Amino acid sequence: MMRTDDLILSLSEDARPVRRLPPPGRRALGWFALAVPAVAVIALAMGLRADLGLRMAEPAFVIQLTACGVTAFCAAVAGLALTIPGTSKLWALLPVPTMLVWLGGFGRQCVLEWLAPDSGELLSGPHLHCLPDIAVITAIPTAVLLLMLRRGACFEPRLPVMLGGLAAAALAHGGLSLAHPEDAGLLVLIFQFIAIGALALVVGSRLNTVPKLR
């Protein structure tokens with residue numbers, strides 16, 4: 001652990017001009033502008049679902065798809081904001097309203113399938129054959145956002161990493177909804193949060209770019 005006097009001396013000796021990072025909203029917009037086309041290209045490569053035209057005419061599908069995009073953007077903003085020292089942890093609540101709308105779509109689908117078992121596939125199985133597609137479609141958004149989080153001054157990196165995982169999961173579910181006839185959204189959440197949770201525990205401390213004082 002570095003002493004305060006040693007830290008001051010080290011900073012004064014190695015001081016170099018630095019460029020201030022853009023605001024979190026602008027940085028999140030840059031991530032969104034890169035991640036959305038990447039997810040769209042991957043979804044197109046997988047092949048769009050045959051009933052996409054019919055699903056796009058359903059208000060519930062469009063609302064959930066929109067909620068995915070808004071949740072992804074808000075979670076990215078919150079995660080990037082929390083890499084700024086002194087930022088309130090209340091920023092973590094930013095994606096909660098649209099996340100509830102997004103997750104509410106699963107609840108609605110579960111109720112419909114429980115009432116009519118032949119009406120869908122959300123409850124019919126874990127759809128493990130979707131795992132390779134999930135891994136591919138989440139890789140780019142997750143990797144890019146983690147690199148952006150790394151540029152901040154992370155005192156407590158685990159919460160920003162979890163928000164980054166939420167952003168990538170929401171965007172990935174939106175992309176998979178365009179390509180997979182099966183609703184793999186729950187599997188996306190399980191896969192992403194297991195991966196991001198492990199990442200937060202294992203490498204979260206490495207994102208801490210600010211030395212501890214004593």
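Modeller: Let us begin with accessibility: a residue is called buried under 20% relative accessible area, exposed over 50%, and partly exposed in between. Please bear in mind throughout that this is a predicted model.

Colleague: Is Phe 32 buried, partly exposed or exposed?

Modeller: Phe 32 has a relative accessible area of 22%, so it is partly exposed. Trp 31, by contrast, is buried, at 1%.

Colleague: Which type of pair do Phe 32 and Phe 73 form?

Modeller: That pair is edge-to-face, with 5.8 Å from centre to centre and 75° between the planes. Phe 32 belongs to helix H2 (residues 24-46) and Phe 73 to helix H4 (residues 59-81), so the pair ties together parts that are 41 residues apart in sequence. Phe 73 is partly exposed, with a relative accessible area of 26%. Through these ring pairs, Trp 31, Phe 32 and Phe 73 are linked into a cluster.

Colleague: What is the general idea of a salt bridge, and how many does the structure hold?

Modeller: Side chains of opposite charge can pair when their charged atoms come close. The structure holds 2 salt bridges. One joins the side chains of Asp 51 and Arg 49, at 2.7 Å from N to O. Here Asp 51 is partly exposed at 26% relative accessibility, whereas Arg 49 is buried at 7%.

Colleague: Which side chain does Glu 58 meet in a salt bridge?

Modeller: Glu 58 meets Arg 55, at 3.0 Å from N to O. Glu 58 is partly exposed, with a relative accessible area of 34%, and Arg 55 is also partly exposed, at 22%.

Colleague: Where does Thr 98 lie, and which side chain does its own side chain touch through a polar contact?

Modeller: Thr 98 is in helix H5 (residues 96-115). Its side chain makes a polar contact of 3.0 Å with the side chain of Thr 71. Setting aside neighbours within four places in sequence, Thr 98 is in contact with Ala 67, Val 70 and Thr 71.

Technical notes: Residues numbered from 1 in each chain as written. Predicted model: local features only at pLDDT ≥ 70, side-chain atom pairs only at ≥ 80, totals over all residues. Heavy atoms only, no water. Buried < 20%, exposed > 50% of the residue type's maximum accessible area, 1.4 Å probe, protein only. Phe/Tyr/Trp six-rings, centres within 6.5 Å; stacked < 30°, edge-to-face > 60°. Helix = DSSP H or I, 4+ residues; strand = E, 2+ residues; numbered from the N terminus. Polar contact = N/O pair within 3.5 Å; in protein donor to acceptor, adjacent residues only side chain to side chain. Contact = heavy atoms within 4.5 Å. Salt bridge = Lys/Arg side-chain N within 4 Å of Asp/Glu carboxyl O.
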